[in-house]
Amino acid sequence: MNTHAVPEAAISPAVVALVGNPNAGKSALFNALTGARQKIANYPGVTVERKSGRLALTDGAAVDLIDLPGSYSLDASSPDEEVTRRVVMGEFPGEAMPDTLVLVLDAGNLEQHLVFAQEIIALGRPTVVALNMIDMAERDGLVFDAQALAQSLGVPVIPTVAVRKRGLGELTEAIASAHGQDMSLRHKVERLGLIERRVAAHAMAAGATLSESGVHRLHTKLDKVLLDPWAGPLILFGLLFVIFQAVFAWATPFADALDGAVGWLIDLAVANVPAGLVRDFITQGVLSGVGSVVVFLPQIVILFAFILAMEQSGYMARAAFIMDRLMASVGLSGRSFIPLLSSFACAIPGIMATRSIADPKDRLTTILIAPLMTCSARLPVYAVIIGAFIPARSVGVGVGLQGLVLFALYLAGVIGAMLAALVLRRTVTKGAASGFIMEMPRYQLPPLSDLALGLWQRAWIFLRRAGTIIFTVTVVLWVLLSFPQAEPGESQSEASIAGHIASGLEVIVAPIGFNHEIALSLIPAMAAREVAVASLATTYAVDAADDEAAAEAVGPKLAADWSLATALAFLAWFVFAPQCLSTIAVARRETNGWKWPLVMLGYLFGLAYVFAGITYWTAVAFGLG
Amino acid sequence: MTLDTLPPLTRAEIIAVDWSVLAPEEAKRLQALGIDAGARIAIAHRGVFGGKDPIAILIGRMTVALRRVHARAMTVREL
């Protein structure tokens, strides 16, 4: 043993961990105690989010506060619970064992939460109980005796309302005085089995509750409507419709503004940097590439505002309940609904949202099918091709043919995803049918500050990714498209490495009706799908100021050069093709290896090839070639 | 009778659970939620569009969603 080691306490501040059941209001308490000074990372080796922040004690000292994943028991039944158990026990490599534990209990669900609380208190570590959400419990007619609960548990009990910042000072003081005390003799709770803990929890909850009314009135009334077998799904679908409208309509002005800002930066670079490789690198490589992804930020922020509000209000669990039956038919559960919904904006946040799925096979399947949800990057491609090839005529009352084709493309993605899930669950992600066991949290009005903080964190994660992974991919593609330099009179895109790759690619994609220009556009589209449009514009030598003008101008050229069969095959390709390296990179990180991203690439390119081929040859057979 | 056949909003007690038909992780999760022999429960909601899955049960002051396959493993007695 190294006796010269510096004592841990001297170099790092004390660690305080928040533990408790899911839905105890732990995250709200964490936000209230740390404010915006939070660090979000991953526990190494597992994709469980690690949230930590600084908590200033009254004596001026600061401690590291960590928010552990909600758990029902130290006998873990999900990756999240396993992290909580290992951190609490000091068994997680690289994580200091918490000096003090703050047990967060929902006052409105005290008996149930005391079952886990006894397990934690029995560890004999410095522990403070936050009897949280006491206002909602009081609204339901419950009156508590915190002193009686403290007596029976043998640890301090502080009533708190995290979202109203009530009881935080008292809690901080209790944390400061509990710190460093040897509690093992003072704790009254013994190590008991589950059954004994349940009996004890019942007695303790009864002893601490002075009066009690029957039920949660608001909760029951809302559930009666929102979980109604008929009204519930209709309300959910109505809400989804509003979300889609918002994502596509409200985001447009902001996206246009961002697009304008990128254009302004490009002009600035053109004006100030001498023409040449460096300028091309800045304008065509960095700004256009990263810019084309950053313009999706408004859509992502709007979508996440809805998703966070649904989560924090308690409605998301109801949405999962309603969607469970449908998801079960393809071997998934209601829990997969949230990530798949996010994937309509962008598969990246969608794949990150799969962390809430406990079953590893379920989670993997959801990650693998997430890219099939039609993300917003496909929209520009669809819009150009539909505009050029599908006549703008009506097929019925208020229904246009173009809109119908667009809807069919979205539907093809959803059906493709469901069928893929069905097949995956019987082959590569084979396993016992996943169950669906989920506590429905009580409804509450999400505090705006928590909502804003959550949005900021999501937006920052997205921007950081744009600045790292997407930046790298863009630069690599720019190099492929820019070297070697073209001789005078030769097209740069043809002369480049990418041009030569396209010639090789053409051999493979010719049987599905793709020409050389399409093959060439598929390469830069690997960075972001919508770049395919700009790339086609360049290849067809359309002189246009920006992507939008290029898209407008390229339509007629395509209509003149491509057959309808080729255009339809191109659309079918984009429904399935994993044309987005950022998604692959995120899938690699979330699955901790290259195996599953490669499976994803393989099966999606396979599907894209087969369906584009079927589309092409069917169309040719109908005389559209 | 088993839980899946219990009429909605009828109070009942779980008298036995056949844990052997459930995956170990699911059994653990149900027990952690207090869904075990001796628990008093009622069915609050069942299914979507006339279907029989999933089921939302009331237990203590909680509402918990589970599937019919779990409910079928639980023998209940009306109170």
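## Strands in chain A

In chain A, strand β1 (residues 15–20) runs parallel to strand β4 (residues 62–67), and four bridges link the pair. Here strands (E, at least two residues) and helices (H or I, at least four) are DSSP runs, numbered from the N terminus, and two strands pair if DSSP finds at least two bridges between them. Val15(A) has Asp64(A) as its bridge partner in β4(A).

On to another partner of this strand: β3 (residues 49–56) of chain A is antiparallel to β4(A), with six bridges. Ser52(A) is bridged to Ile66(A) of β4(A). The hairpin of β3(A) and β4(A) has five residues between the strands, and Gly60(A) there takes a positive phi near 95 degrees.

## About the model

This is a predicted model, in which local features need pLDDT of at least 70 and side-chain atom pairs count only at pLDDT 80 or more, while totals for chains, interfaces and linings use all residues. Residues are numbered from 1 along each chain as its sequence is written, with chains lettered from A and ligands numbered from 1 in the order in which they are written.

## Where chain A meets chain B

Across the interface, 30 residues of chain A are in contact with 29 residues of chain B (C-beta atoms, placed from the backbone, within 7 Å). Helix α14(A) gives the largest share of chain A's side, five residues.

A strand pairing also joins the chains: β12(A) lies antiparallel to strand β4 (residues 62–66) of chain B, over three bridges. In that pairing, Met438(A) is opposite Ala65(B).

Technical notes
Contact = placed C-beta atoms within 7 Å.
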